[in-house]
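Subject: Structure handover

Hello,

Here is the structure for your files. My notes on it follow below.

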Amino acid sequence: TIGISTAQKFTALFAYVLNGTIKNLTVSGSATNTEAWTAGIVSYAYNSHIYKCTNRASISGSMNLSGVVGWSNSSTIVEKCTNDAAIGSSMNNWIRAGVVCTSSNSSIIECTNTSNGIVKGTEALAGITCSANSTVIDKCVNNGLITGNTEPNSWHTHGFAGIVAYC
């Protein structure tokens, strides 16, 4: 169980995972942050493997929020992970996702954002990932409600971004 309330960037049970593996982990509780990059399990993963992890901790704060991984980078694999909690407690801020907030040169495989994974914010919201660059997204499912701004000049990502297969 986590109970985080802070004003520091890169906040999660594990702030940074470099060349590592985290597997078979379930986190519950809550994390609130007035800075960016807050997640339930890993805030920043570099060349790592996050496998069969579940977030049940509610995540709230300013921006770059997610349930499992805040930012996956450099060949990181997020596999068979689940977000089962609310992301964002208000409509005031943006860049939020159920599983991975931002993904660069990574893979998101067989991950799920459950119906409990309600994502709230202003813009750039998604069930799986809200920003993906050179990322493979394969066999993922979003069952969570995405609630955001519907004004004409706002930008949204509802669901997926990257190379998507069998979702």
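Two strands are taken to pair if DSSP finds at least two bridges between them. Strands themselves (E, at least two residues) and helices (H or I, at least four) are DSSP runs, numbered from the N terminus.

Sources first. This is a predicted model, in which local features need pLDDT of at least 70 and side-chain atom pairs count only at pLDDT 80 or more, while totals for chains, interfaces and linings use all residues. Residues are numbered from 1 along each chain as its sequence is written, and side-chain values use heavy atoms, with hydrogens and water left out.

Sheet

The protein has zero helices and 21 strands. Five strands form an open sheet in the order 2-5-8-12-17, with parallel pairing. The edges are strand 2 (14–18) and strand 17 (129–133); each has a single partner strand, so one side of each is left without a neighbour in the sheet. Strand 2 pairs with strand 5 in the parallel sense over four bridges. In that pairing F14 stands opposite V42 in strand 5.

Core

Buried residues (under 20% relative accessible area; exposed is over 50%, partly exposed in between; 1.4 Å probe, protein chains only) make up 51% of the 167 residues. A nonpolar core here is a set of buried Ala, Val, Leu, Ile, Met, Phe, Trp, Tyr and Cys residues joined through side-chain atoms within 4.5 Å. The largest such core has 29 residues, of which V42, I50, V68, V69 and V78 touch the most other members. Its largest share, three residues, comes from strand 7. A second, separate core of 10 residues includes W37, Y44, C101 and C130.

Contact means heavy atoms within 4.5 Å. Among contacts between residues at least 6 apart in sequence, 81% join residues at least 24 apart.

Aromatic rings

Rings of Phe, Tyr and Trp (its six-membered ring) pair if their centres lie within 6.5 Å; planes under 30 degrees apart are stacked, over 60 edge-to-face, the rest tilted. There are six aromatic pairs. Y16 and Y44 are edge-to-face, 6.2 Å centre to centre with 65° between the planes. Y16 lies in strand 2 and Y44 in strand 5, so this pair ties together parts 28 residues apart in sequence. W37 and W71 are stacked, at 5.1 Å and 25°. They sit in strand 4 and strand 8 (residues 69–73) respectively, 34 residues apart. W37 counts as buried at 13% relative accessibility, whereas W71 is partly exposed at 24%. F10, Y16, W37, Y44 and W71 form one aromatic cluster.

Regards
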